[in-house]
Structures are given as structure tokens and as C-alpha cells.
Amino acid sequence: MISEQSHPIATQVHGPVAVYETKVLGLGRPARLFLSSSSRYGIHIWVLLLAVVIMANTQGCATIPKRNPVPETQSQIAQIPGIPMARVWGDEIPPDLDKRLALLKAQMQANNPEALYQPHNYLAISGGGSNGAFGAGLLVGWTEAGGRPEFFFVTGISTGALIAPFAFLGPAYDMQLEDVYTTVSTEELIKVRRPLQIITGDAAAGTEPMKELLARYYTQQMLADIATEHEKGRRLFVGTTNLDAERPVVWNIGAIAVSGDPKALELVHKVLLASASIPAAFPPVYIEVEANGQRYDEIHVDGGTATQVFLFPGSVDWRGAAENVEVKGKLRVYVIRNAFLEPQWKAVNPPKLLPIAMRSISSLIRAQGIGDLYRIYLRAQRAGIDYNLAYMPATFTEKPKEQFDPEYMQKLFDLGYGLAKNGYPWEKVPPGIEPP
């Protein structure tokens with residue numbers, strides 16, 4: 001969800017003169033601060049004075065909430081009040097895994113016994129911002145082609161978290177999924193803040209429009225439908241990153257849905273929003289937790305900060321877990337990577353701070369995403385799970401005109417739709433590995 005665009009605050013240095021275009025800082029007409037090159041410390045002092053002036057003129061502009069963070073000693077036991085099964089750490093085997101598997105087994109035996117003997121299909125959907133249109137189109141085209149399975153587990157990160165509920169509930173929600181990824185524009189998702197708000201706040205853009213979209217598409221009826229499927233032993237997981245702890249968190253959306261908590265839908269909205277909120281670009285999401293009878297808050301951001309796509313928390317032995325639940329059917333995992341796997345050449349020009357930083361982050365995300373594909377593949381091989389991978393083809397050369405460009409997303413949706421409708425050739429291994 002990161003776009004490589006120029007920053008609203010421009011700084012230029014011409015020999016001995018540093019020029020600050022202060023108009024974009026909200027300080028009136030463009031002004032130049034001439035700084036003597038005789039002392040490098042003079043520049044630092046002038047920058048400090050400028051910052052002081054800005055802060056002095058922006059008291060009250062920031063809307064940063066006053067925090068009550070979880071103490072480090074309590075972070076391991078903090079839970080969502082009234083919903084103890086709501087989430088687990090994403091980088092370790094849940095300590096109550098046996099309890100969770102026992103519940104899963106009981107639900108399947110009571111409400112979906114035939115599923116124990118059917119193939120179990122799992123779907124993992126990656127991040128990718130507006131490129132999520134590819135995964136959305138792939139799923140809708142799969143419905144059209146026939147043979148799209150019911151997924152027992154669905155996981156999502158970032159844009160994949162927004163797709164995951166629709167994918168989990170199946171073809172009945174295809175129309176809503178298509179709407180989200182073909183008709184929504186940048187201004188309907190984010191609201192760019194004023195420069196002074198950016199300087200004193202917690203992000204460059206607000207997500208008020210995004211909250212409205214969540215309220216429109218992720219409804220109480222959707223939550224009820226998720227709860228119904230959860231009771232059958234199916235699971236919907238969404239990943240965020242706990243920024244205080246620097247750790248991934250896996251949220252059990254179905255457990256939240258069946259909790260009966262009056263704020264369940266609000267919590268789901270917060271989790272989805274957090275999973276797609278890139279730090280600094282969008283505000284973090286504050287989630288109330290409880291530890292030893294005391295209420296605190298946690299700060300959650302984009303799940304892609306920790307991982308681009310995931311299947312199970314930690315290094316869970318899913319073959320052993322499936323045997324524990326007495327699943328007899330074949331296990332298959334489908335991974336949708338809403339991105340290119342091949343590097344995309346782009347000249348970093350002008351070679352300034354922000355373009356260099358953004359391009360570096362883009363490279364890091366690409367490498368991390370490919371690493372995640374290898375990790376899932378190796379774990380699937382170890383557990384005897386059939387591996388299937390889809391990703392954006394290098395032949396797609398369209399470029400978006402804005403961060404969320406409806407025209408670009410429609411073309412990408414159509415691409416995924418057409419590939420799936422004609423029988424998508426799922427890759428059996430990640431790139432660079434010979435099929436066994």
C-alpha cells in the first residue's frame with residue numbers, strides 16, 4: 001500500500017545556501033533561509049529554530065491519543081476483554097493449541113462431520129495494496145469457472161485481510177468483493193492531512209473514509225455469517241503487528257463473531273483497519289486489552305510489517321494437528337501473492353531522500369514476500385500439504401495513476417478473473433525451486 005510519490009515537504013541545498021520552501025509548511029509565502037556555510041552547526045541551529053517555530057504554531061493541531069500501554073511484564077497475558085480466544089501471537093505455537101484443536105474437532109463432529117473425510121483446502125492471501133484487485137478477480141473468476149473449493153482456513157494480511165472475509169464466505173459475497181476492488185478510489189479510502197498535521201500527528205493521512213467503507217461492506221450480517229461457518233469448524237484469521245511488542249498477531253475473526261460481545265463488529269473493523277494501516281502513512285489502531293484485571297491499550301499496524309503472507313501461527317505442525325482433529329481428507333494450501341515476483345525496473349530519479357527510501361522499502365517488501373512463499377512451501381512439504389501458488393504475471397504492464405486507481409484496479413481484476421476462468425495454472429513450487 002506504499003506509493004512512491006514525492007513528499008509534500010521539499011528541501012533543496014544549493015552550495016552554501018539551504019532553501020526551505022516553507023509555504024508547504026503552512027507558514028505563508030515561500031521563504032528562503034540563507035545559512036552560512038562557514039559552520040555546519042549553523043544549519044542545525046536554523047533547522048532546530050524552524051522546528052520550534054512550527055511546534056509553537058501548531059499546538060493543539062495533533063490528535064494523538066493519550067496512551068495507557070500494556071506494561072512489558074503483562075504483554076504476554078493481555079487479552080481482549082470477554083473474548084479470550086480472539087487472538088494469538090503469530091511467531092510462536094499457541095500455548096493453548098490443544099484446547100483450540102479440541103474445540104475445532106468438537107465443532108466439526110457436531111456440525112460438519114462429513115468435512116472430516118473431505119479434502120481440506122486452505123487459502124492464504126498476501127498484502128499488496130491496490131494489487132489486491134488481482135486476488136479478488138482470481139477468486140471471482142474461479143467461481144465462474146467452477147470447482148472453487150470451500151476453504152476450511154482463510155488467512156489474510158493487509159489488503160489480503162480485506163479480501164479474506166469475502167473469500168471465506170464464498171461465492172455469495174463475490175459481488176461485494178468485486179465492488180470493493182473495482183469501484184473504490186483513493187479519496188474513498190484515505191484523507192491526506194495538512195502539512196502541519198503531518199508534522200505533529202501520527203500519520204500522513206487519515207483513514208476516516210476507510211472506516212466508512214468497512215462499515216458499508218463488513219456488516220453485522222457478514223459477522224453473523226462468519227459466526228455460522230466458525231461453528232462448523234472453519235476458521236478465518238487476519239494478521240496485524242503489535243508495534244509495542246514488535247510481534248505479529250493472528251486474530252481469530254470467527255471467535256470474535258461468536259462471542260456475542262456487543263462490540264464484536266467494532267473490534268473486527270479495528271482489526272481489518274489495523275492490518276491495512278501502513279505505519280507513518282496511516283494512523284495506528286488502538287485496541288483495548290485486559291491484563292490482571294486492569295485495562296490497557298495496544299497499538300496495532302499493518303500486518304505486512306511482520307510478514308506478507310502466512311498460513312499458521314508460528315511453526316505449528318499442521319499434519320500432526322490435522323491428525324489430532326481426525327481429518328482424513330487430503331490437505332491443500334493455495335497462496336495468492338498480490339504482487340509481482342520478478343523485480344520491476346524503475347529509475348530512481350531524482351535520487352533524493354524520499355525516492356531512495358521508498359524504493360528501498362519496496363525492494364525489502366518484495367524480498368520479504370518471496371521469503372514468506374518459501375517458508376510456507378517448506379512447511380507444507382514437511383506436513384505433506386499440497387502447495388499451490390498464484391501471483392501477478394510480469395506481462396501485466398499497466399501503471400496506476402494514483403494510489404488506488406479504479407481504472408488500474410479494474411484491469412488487474414479482469415486479468416485475475418480471466419486467468420481463473422480459463423483454469424489458472426497454479427505453480428507447485430515458489431520461484432527458483434525445481435518441482436519434486
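Angles under 35 degrees count as roughly parallel, over 145 as roughly antiparallel, 65 to 115 as roughly perpendicular, and the rest as oblique. With that in hand, here are a few notes on this predicted model, where local features need pLDDT of at least 70, side-chain atom pairs count only at pLDDT 80 or more, and totals for chains, interfaces and linings use all residues. Residues are numbered from 1 along each chain as its sequence is written, and side-chain values use heavy atoms, with hydrogens and water left out.

1. Let's start with helices H4 (residues 159–169) and H5 (residues 174–182), whose axes come within 9 Å and cross at roughly 160°. The axes are lines fitted to C-alpha atoms, for helices over the stretch in contact, and angles run from 0 to 180 degrees between N-to-C directions. H4 and H5 are therefore roughly antiparallel. On the H4 side the contact (heavy atoms within 4.5 Å) uses Thr159, Leu162, Ile163 and Phe166, and on the H5 side Gln176, Leu177, Val180 and Tyr181. Six of these residues are nonpolar, two are polar and none is charged. For the classes, Ala, Val, Leu, Ile, Met, Phe, Trp, Tyr, Cys and Pro count as nonpolar, Asp, Glu, Lys and Arg as charged, and the others, Gly among them, as polar.

2. H5 also packs with helix H3 (residues 132–145), at an angle of about 155° and with the axes 9 Å apart. This pair, too, is therefore roughly antiparallel. H3 brings Gly132, Ala133, Ala136, Leu139, Val140 and Thr143 to the contact, while H5 brings Asp174, Leu177 and Tyr181. By class, the H3 contact with H5 has six nonpolar residues, two polar and one charged.

3. Which residues of helix H8 (residues 220–230) are buried? They are Met222, Leu223, Ile226, Ala227, Glu229 and His230, where buried means under 20% relative accessible area, exposed over 50% and partly exposed in between (1.4 Å probe, protein chains only). Because they cover an arc of only 165° around the axis, they lie on the same side of H8. The arc is that of the directions from the helix axis to the C-beta atoms.

4. Finally, have a look at Val249, which sits in strand E9 (residues 247–252). Helices (H or I, at least four residues) and strands (E, at least two) are DSSP runs, numbered from the N terminus. Val249 counts as buried because its relative accessibility is 3%. Leaving aside residues up to four places away in sequence, Val249 touches Arg87, Val88, Trp89, Gly90, Val238, Gly239, Thr240, Asn242 and His300.
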